[in-house]
Amino acid sequence: NTLAAGASCQPTCNTGYTVTGPSTCGFKGVLSATATCAATVPTVLTRKVASATTIEITYSANVTASNIALSQFQVTIANGSATAPTAASISGAVLTLTVGTMTASATNNAVTIQYTKSTTANQFLASLQGIVVASDTSAQTVSRDACDASTPPTNGAKGDCTNALAAGASCQPTCNTGYTVSGPSTCGFKGVLSATATCAANPT
């Protein structure tokens, strides 16, 4: 309550709101600038293939839609026809859509999605403060997470594996003398290895 003349301070905002700037003390004890809190417009942070049948879209703020219309989303898989998801669920800032079958690899299985806001209330996405999520201007690429496959197996070495193994790709660790590798390591969905090579001791 005693901000010096000419000085500024920085208020903060509740979750879902963005501060406009600092508050500044001007002449005669009157603020020359007063910070305000404006509701945040949710924007898309990521669009990712989460499993063989789901896409996860993460927004910059929690979103809601009490009666979400699936037809707002058009998904294209492997250059096929655009179709709507068969189901949708929201958890905080993450929207999960159930779609047709996808592979972990993007090779010959590219995925795009386009959101066009419904004109019907409660069917479109909005922040908890009622700020509406904007429509996509065009079909957006859905990405896939790479895997960290650089940890060597016990009694072996990482071989040609790296910390950025592409989704659906495989690499080959090696084993020390006296051990045999079980097979390759393979990157699955959401940056998780679907197969991890091990080194087994040779029979004596």
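Strands are DSSP runs of E at least two residues long, numbered from the N terminus. Thr 54 is found in one of them, strand S7. The model is predicted.

## Overall form

The protein chain holds 21 strands and zero helices. Its radius of gyration is 25 Å, well over the 17 Å that the globule rule gives for 204 residues, so the chain is more spread out than a compact globule. Along the principal axes, the C-alpha trace spans about 90 × 45 × 25 Å.

Of the 204 residues, 30% count as buried. The accessible surface comes to about 11,200 Å². Carbon and sulfur atoms account for 53% of that surface. Take the contacts between residues at least 6 apart in sequence: 46% of these join residues at least 24 apart.

## The S1-S3-S4 sheet

Three strands make an open sheet in the order S1-S3-S4, and the pairing is antiparallel. Strand S1 (8-9) and strand S4 (31-33) are the edges, each pairing on one side only. S1 and strand S3 (residues 23-25) run antiparallel and are joined by two bridges.

## The S9-S12-S14 sheet

Another open sheet of three strands has the order S9-S12-S14, with antiparallel pairing. S9 and strand S14 (140-141) are its edge strands; each pairs on one side only. Five bridges join S9 to S12, and these two strands run antiparallel. Gln 74 has Gln 114 in S12 as its bridge partner.

## Pairing around S7

S7 has antiparallel pairings with S6 and with S11. Strand S6 (residues 44-49) pairs with S7 over five bridges. A hairpin of four residues links S6 to S7. In this pairing, Val 44 is bridged to Tyr 59 in S7.

The pairing of S7 with S11 also has five bridges. There, Glu 56 has Thr 96 in S11 as its bridge partner.

## Thr 54 and its surroundings

Thr 54 counts as buried because its relative accessibility is 16%, and the cut-off for buried is under 20%. Its side chain makes a polar contact of 2.6 Å with the side chain of Ser 51.

Beyond residues up to four places away in sequence, Thr 54 touches Lys 48, Val 49, Thr 96, Leu 97, Thr 98, Val 99 and Met 102. Ile 55 has contacts of its own. Leaving aside neighbours within four places, these include Lys 48, Thr 96, Leu 97, Val 99 and Met 102. Ala 50, Val 75, Leu 95, Val 111 and Val 142 are also in contact with Ile 55.

## Nonpolar cores

In soluble globular proteins, nonpolar side chains tend to be buried together. The largest nonpolar core in this model has 20 residues. Ile 55, Val 111 and Leu 125 have the most contacts inside it. At least two residues of this core come from each of strand S7 (54-59), strand S9 (73-77), strand S11 (94-98) and strand S12 (111-115). A second, separate core has seven residues, including Cys 147, Leu 165, Cys 171 and Cys 187.

## Loop residues

Where does Asn 155 lie? It lies in the loop between S14 and strand S15 (156-157). Asn 155 is partly exposed, at 32% relative accessible area. Setting aside residues up to four places away in sequence, Asn 155 touches Cys 175, Asn 176, Tyr 179 and Cys 199. Asn 155 and Thr 76 are 79 residues apart in sequence. In space, C-alpha to C-alpha, Asn 155 and Thr 76 are 44 Å apart.

Two other loop residues have positive phi. Asn 79 has phi near 60°, a positive value in a residue other than glycine. The loop that holds Asn 79 runs between S9 and strand S10 (87-91). Asn 79 counts as exposed because its relative accessible area is 75%, and exposed means over 50%. Lys 190 is not a glycine either, yet its phi is positive at about 55°. Lys 190 is placed in the loop between strand S19 (185-187) and strand S20 (193-195). At 43% relative accessibility, Lys 190 is partly exposed.

Technical notes. Residues are numbered from 1 along each chain as its sequence is written. This is a predicted model: local features need pLDDT of at least 70, side-chain atom pairs count only at pLDDT 80 or more; totals for chains, interfaces and linings use all residues. Side-chain values use heavy atoms; hydrogens and water are left out. Two strands pair if DSSP finds at least two bridges between them. A nonpolar core is a set of buried Ala, Val, Leu, Ile, Met, Phe, Trp, Tyr and Cys residues joined through side-chain atoms within 4.5 Å. Buried means under 20% relative accessible area, exposed over 50%, partly exposed in between (1.4 Å probe, protein chains only). Contact means heavy atoms within 4.5 Å. The radius of gyration is taken over C-alpha atoms; the globule rule is 2.2 Å times the number of residues to the power 0.38. Accessible areas come from the Shrake-Rupley method with a 1.4 Å probe; for residues, only the protein chains shown count as cover. A polar contact is a pair of N or O atoms within 3.5 Å; within protein, one must be able to donate a hydrogen and the other to accept it, and residues adjacent in sequence count only if both atoms are side-chain atoms.
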